[in-house]
Amino acid sequence: MPPPRRQEKQKSASNTGAQGLPGTRSPPHLAAAPHLASIPRSLSPPLPILQESSSPSRSPAPTPPGSSLHGVVTAAALMDPKSPDDRPQAAAPQSQPQPLEWRFAQVFGERGAGEDVQEVDIISAIEFDKSGDHLATGDRGGRVVLFERTDARGSASRTELERQDYPVARHPEFRYKTEFQSHEPEFDYLKSLEIEEKINKIKWGQTANNALFILSTNDKTIKYWKVQDKKVKRVSVMNLDASQSSDNGTTSSSSTSSSRGLLPNGGCSEKLCANKDLSLPPGGCASLRLPVVVTGQDLNPVARCRRVYAHAHDYHINSISNNSDGETFISADDLRINLWNLEINSQSFNIVDVKPTNMEDLTEVITCAEFHPTHCNTLAYSSSKGAIRLIDLRQSALCDNHSKLFEEHEAAGSKSFFTEIIASVSDIKFARDGRHILSRDYMTLKLWDLNMDSGPVATFQVHEHLRPKLCDLYENDSIFDKFECCLSGDGLRVATGSYSNLFRVFGGSSGNTEATTLEASRNPMRRQVANPTRPARTLSSLTRAVRRGGENAGADGNGNSNDFSTKLLHLAWHPTENSIACAAGNSLYMYYA
C-alpha cells in the first residue's frame, strides 16, 4: 500500500480538536485510546506537525510490518511534545534505600547510677493506639501508665499552616497523662495457685466521646477500662473558716463573700462555743450557709473499670487482640482461644481448642494469637513448634481446622535437643495492610506473605551468634525468653529486641540491606559499627565464635559483650511515623528517625 501524501499527514496531525466538535475528526491514535481523546484542549499539549528533514537523526522511524499508519503521532508523543532528541534518558534504577539514622527522643523512669530497680516497676507490656497520639505501658506491679502526645502536630491554626512553605519535621513528643492500678495479686483457693498482678498484654479499643478504652490482662483476668477527662468537683461555701482547723486536722473551705445583710440565725450557747472541736465565732454564725458542690475548670483523667472478664481460662493468658468490628476480642492461653463480646462478660465462645484427650499426647501449645487488622473473620495464632495457622471464623464454630499453615521445615539431619525450643514462636504481628505476618522465634525474625505458605519471604538473623551458647542459655533459662517484634506503619522495616538492652531494625522491603543495632540508652548508636558489605537480612558482624567466660559473658563480632541479665523484650513502632518506644527494665526509651 503506497504511503499517503504529505498534505494528508499534516491534516491528520492537525485534527486534534475536542472529540465531538462539528467538523472535526478524532485521529486514529485517539480512537485506539479513548481516555486520551477525552482530555480537554486547554490541558492537552499541541501535537507536533511532522515536517520534512534532511537530517538522518530527524527521519521518521520505520513503520512496523503490517501497519498502515505512516507518520502518526503516538500517545507518548501526545503527552510529551518534546522531540525524541530533547527527551531525557530513561531514569536509572533506584538505588537501595539508605538506612535510617536513629536519634534519642525521650526517656521516662530512667534509672540513676547505682539505683536498684524494683521488681514491680519493670515494664511488661507496651502499646501505641491506632492514631499514635497515646501510648500505654503495663508493669509487673499491675499498673497501667498512659502517655499522651504533646508536640505541635495538629495544634497550629489553619492560617499558620498555610503560611508555611514546607512541613516542619517534628518527632513525636509524649508526656505523662495518668496511671491506675489495673490488677491486684489474687489467690485461687481451689487450685492453691497464686495469681500475680503482672500485666501481660495491653490493647487499645476504639475511642468514643473523647474517652479512651483499654483492655488489660494478667494471667487469669481481663479488664476493660475507660479513661476520660472530667472536671474536678469540690465542696465550697462552708460555715467554718478555712484559716482555722479543728483539732482532728480536718480543714473546711469557706465562702469569701460577706455575711452582711443576711438574716441572723441566732447565737450559740456558751457550752457549744466552748467546744474546741468547732471553730465557730463566740457570738454564733451570722447566717447558716449550706455546702455547695462546685465544678472547677481543671480536667483530670479518671479511669473506671467497665467490664471484668474472668473465669474463662484454665491456663495463663498469653495474648489478647481486638477485632476490627469494634465489638469483639479474643483471648488466648496455652491450649484455648476464646471469643468475647465487649459488652458481655458473663460468657465467651471457645473457637480454638488444641487440648488432647490425653494430656500425655500434648506436643505443642499456643503461644500468641492476633486478629487480622481489617478482616473481622480472620485471625492467626502461633505454636511452640514454629507454625502459624490462619483460621476463618466463617468455616465452623470450632475452628480446629486451619485454612492456611505457615511453617518452615528444618533441613534433614540438623535437628538437635534445642531445635524445638528455639523454633517456638514468641510473638506475631500483622502488617498494617494485612498482607504480611511478622513472627519472632528465639533465633530469627521471619516475614510471611499470606498468599505464599511455602516459606517466609524474608528471614532476619538476630541471635545466630548465640548458637554455640545454647547449653548455657538453657541452664539459666534465657533460652525461654519471649521477645516481641513490630513493623513500621508502611511495612518497610521490622524491629525486635535482644540482650544487653539492644534492639535491631531491619529493612523489610526487597533489596533493602538495612540491619541496624541500637542500644536502649541516650546514645542509641553507641554500639553501631558501619559495615557496608553486610548482606541482606543478616548480621554478618555477629560471628558464631563466642568468647568463653562467665555465665553471662559473651561477645559478638563488634566486641560487644552479651549481658543476659539485661534484655529488651518489649517494644512498639509508631503507627504512622518512624518512632520506636522500647522498655529496658523500668525505663521507657523513645527514638525517632
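**Figure 1. The hairpin of strands S29 and S30 in the predicted model.** S29 (579-584) and S30 (587-592) form a hairpin with two residues between them, and Gly-585 in the turn has a positive phi of about 70°. Helices (H or I, at least four residues) and strands (E, at least two) are DSSP runs numbered from the N terminus. The two strands pair in the antiparallel sense over six bridges, where pairing requires that DSSP finds at least two bridges between strands. Within this pair, Ala-581 stands opposite Met-590 in S30. The model is predicted, so local features need pLDDT of at least 70 and side-chain atom pairs count only at pLDDT 80 or more, while totals for chains, interfaces and linings use all residues. Residues are numbered from 1 along each chain as its sequence is written, and side-chain values use heavy atoms, with hydrogens and water left out.

**Figure 2. Strand S29 and its pairing with S28.** S28 (570-573) runs antiparallel to S29 and is joined to it by four bridges. A hairpin of five residues links S28 to S29, and Trp-573 stands opposite Ile-580 in S29.

**Figure 3. The largest nonpolar core and the surroundings of Trp-102.** A nonpolar core is a set of buried Ala, Val, Leu, Ile, Met, Phe, Trp, Tyr and Cys residues joined through side-chain atoms within 4.5 Å. The largest has 17 residues, and those with the most contacts inside it are Trp-102, Phe-503, Val-505, Leu-571, Ile-580 and Cys-582. Strands S26 (502-507), S28, S29 and S30 each supply at least two residues of this core, and S29 gives the most, with three residues. Apart from neighbours within four places in sequence, Trp-102 is in contact (heavy atoms within 4.5 Å) with residues including Val-505, Leu-518, Trp-573, Ile-580 and Tyr-592. A second, separate core of 15 residues includes Ala-105, Phe-174, Ala-572 and Tyr-592.

**Figure 4. Strands S22 and S23.** S22 (residues 444-449) and S23 run antiparallel and are joined by four bridges. Leu-447 stands opposite Ala-458 in S23. The covered face of S23 (residues 458-461) holds Ala-458 and Phe-460, whereas Thr-459 and Gln-461 form the uncovered face. In a regular strand the side chains alternate between the two faces of the sheet.

**Figure 5. Two loop residues with positive phi.** Asn-209, in the loop between S8 (201-204) and S9 (211-217), has a phi near 55°, a positive value in a residue other than glycine. Asn-209 counts as exposed, at 67% relative accessibility. His-311 lies in the loop between S11 (292-309) and S12 (319-322), with a positive phi near 60°. His-311 also counts as exposed, at 82% relative accessibility.

**Figure 6. A nonpolar surface patch around Phe-480.** Phe-417, Tyr-474 and Phe-480 make a nonpolar surface patch of about 330 Å². Patches consist of residues with over 30% relative accessible area and no salt bridge, with like charges joined within 9 Å and nonpolar side chains (Val, Leu, Ile, Met, Phe, Trp, Tyr) within 5 Å. A salt bridge is a side-chain nitrogen of Lys or Arg within 4 Å of a carboxyl oxygen of Asp or Glu. Phe-480 is in the loop between helix H8 (470-475) and strand S24 (485-487) and is partly exposed, with a relative accessible area of 44%.

How values were computed. Accessible areas come from the Shrake-Rupley method with a 1.4 Å probe; for residues, only the protein chains shown count as cover. Buried means under 20% relative accessible area, exposed over 50%, partly exposed in between (1.4 Å probe, protein chains only).
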